[in-house]
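Reader: I would like to learn how to read the packing, the sheet and the backbone of a model like this one. Please give the general idea each time, and then the case at hand.

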Amino acid sequence: MEGQPSEGKKEKAGEGGVVVWSEYKGKAKVTRKFAAVKRMLKPSDPRLKENVEKAAKKAEKEKAAEEKKAVAQVSSSLFLSHNTDLGPPYRILVDTNFINFSIQNKIELVQGMMDCLMAKCIPTITDCVLAELEKLGPKYRLALRIAKDPRFERLHCDHGGTYADDCLVNRVTVHKCYIVATCDRDLRRRIRKVPGVPLMYVVKRRYQIERLPE
């Protein structure tokens, strides 16, 4: 009859159109849908690379804004710029170059500190400063010998690494009871940003104090 497939052929309707296959050849022929259109992504789709980068930048800006809003807690020992924790006997954190400059200018550390502050002084030294002096070698063995003086108070460090500048800045930021003795300009610039911490350095063969409240 007309309109019916022959004995060797069969027809089946599917989603993609009409599928015709032959029992003899075993090949399938698929007819496509009429006016089929590809699905397009919207310009605002979050899967696009441009939108992913924009979202990452926005998250970074929000994080930076939150960090700026965070205000560091002020130490309870500060009354405006006056540090009430400072008082005799003064504990003075000594840096590596401060010992070397004292040797070059022929200043005895403990006596020079007492002459400057007119009070009893306890020089303190951290493990990082001692490690730096040991790394400098035999040229600075006299400075290392002075640092191991029994009159020096030893402070142990729990952090990793032996970079003395970061150690001193972190210590005086947490504990406001120290005076920092250093001749390093970069370290002094960093210490000046910490409120209530005085500085001691060498000027004209004697010690000079800075920012000590009267």
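Reader: Which residues is M113 in contact with, leaving aside its neighbours within four places in sequence?

Author: Contact means heavy atoms within 4.5 Å. With that cut-off, M113 is in contact with I92, V94, F98, C121, P123, M200 and Y207. This is a predicted model, in which local features need pLDDT of at least 70 and side-chain atom pairs count only at pLDDT 80 or more, while totals for chains, interfaces and linings use all residues. Residues are numbered from 1 along each chain as its sequence is written, and side-chain values use heavy atoms, with hydrogens and water left out.

Reader: Which residues touch the most other members of the largest nonpolar core?

Author: In soluble globular proteins, nonpolar side chains tend to be buried together. A nonpolar core is a set of buried Ala, Val, Leu, Ile, Met, Phe, Trp, Tyr and Cys residues joined through side-chain atoms within 4.5 Å. Buried means under 20% relative accessible area, exposed over 50%, and partly exposed in between, with a 1.4 Å probe and protein chains only. Here the largest core has 31 residues, and I92, F98, I99, L109, M113, M200 and Y207 touch the most other members. Helix α4 (residues 127–135) gives the largest share of this core, four residues. A second, separate core has twelve residues, among them L93, L168, V172 and I191.

Reader: What share of the chain is buried?

Author: Of the 214 residues, 33% are buried. The accessible surface comes to about 16000 Å², and carbon and sulfur atoms hold 53% of it; such areas come from the Shrake-Rupley method with a 1.4 Å probe, and for residues only the protein chains shown count as cover. Among contacts with a separation of 6 or more, 56% are between residues 24 or more positions apart.

Reader: How many helices and strands are there in the chain?

Author: Helices (H or I, at least four residues) and strands (E, at least two) are DSSP runs, numbered from the N terminus. The chain has seven helices and eleven strands.

Reader: In what order do the six strands of the open sheet lie?

Author: Strands of a sheet pair through backbone hydrogen bonds, either parallel or antiparallel. Two strands pair if DSSP finds at least two bridges between them. The order here is β8-β7-β6-β9-β10-β11, with mixed pairing. The edge strands, each pairing on one side only, are β8 (153–155) and β11 (206–210). From one strand to the next, the twist averages 35°. Strand β10 (residues 199–203) pairs with β11 in the antiparallel sense over five bridges, and V203 stands opposite R206 in β11.

Reader: Which strands does helix α3 touch where it packs on the sheet?

Author: For angles, axes are lines fitted to C-alpha atoms, for helices over the stretch in contact, and values run from 0 to 180 degrees between N-to-C directions. Helix α3 (residues 109–117) touches β6 (90–94), β7 (121–126), β9 (178–181), β10 and β11, and its direction makes about 50° with that of β11. Helix α4 also packs on the sheet, touching β6, β7 and β8, with an angle of about 65° to the direction of β7.

Reader: Is S102 buried or exposed?

Author: S102 lies in helix α2 and counts as buried because its relative accessibility is 0%. Others buried in α2 (residues 96–104) include T96, N97 and F98. A polar atom of the S102 side chain lies 2.7 Å from the backbone oxygen of F98. Not counting residues up to four places away in sequence, S102 touches I107, L109 and Y207.

Reader: Where is K106 found, and what is its phi?

Author: K106 is in the loop between α2 and α3. Its phi is positive, about 55°, although K106 is not a glycine. K106 counts as exposed because its relative accessibility is 76%.

Reader: Which residue takes a positive phi in the hairpin of β10 and β11?

Author: K204, with phi near 55°; the hairpin has two residues between the strands. At 77% relative accessibility, K204 counts as exposed.

Reader: Which peptide bond is cis?

Author: The bond from P88 to P89 is cis, with omega near -5°. P89 is placed in the loop between β5 (82–83) and β6.

Definitions and conventions: A polar contact is a pair of N or O atoms within 3.5 Å; within protein, one must be able to donate a hydrogen and the other to accept it, and residues adjacent in sequence count only if both atoms are side-chain atoms.
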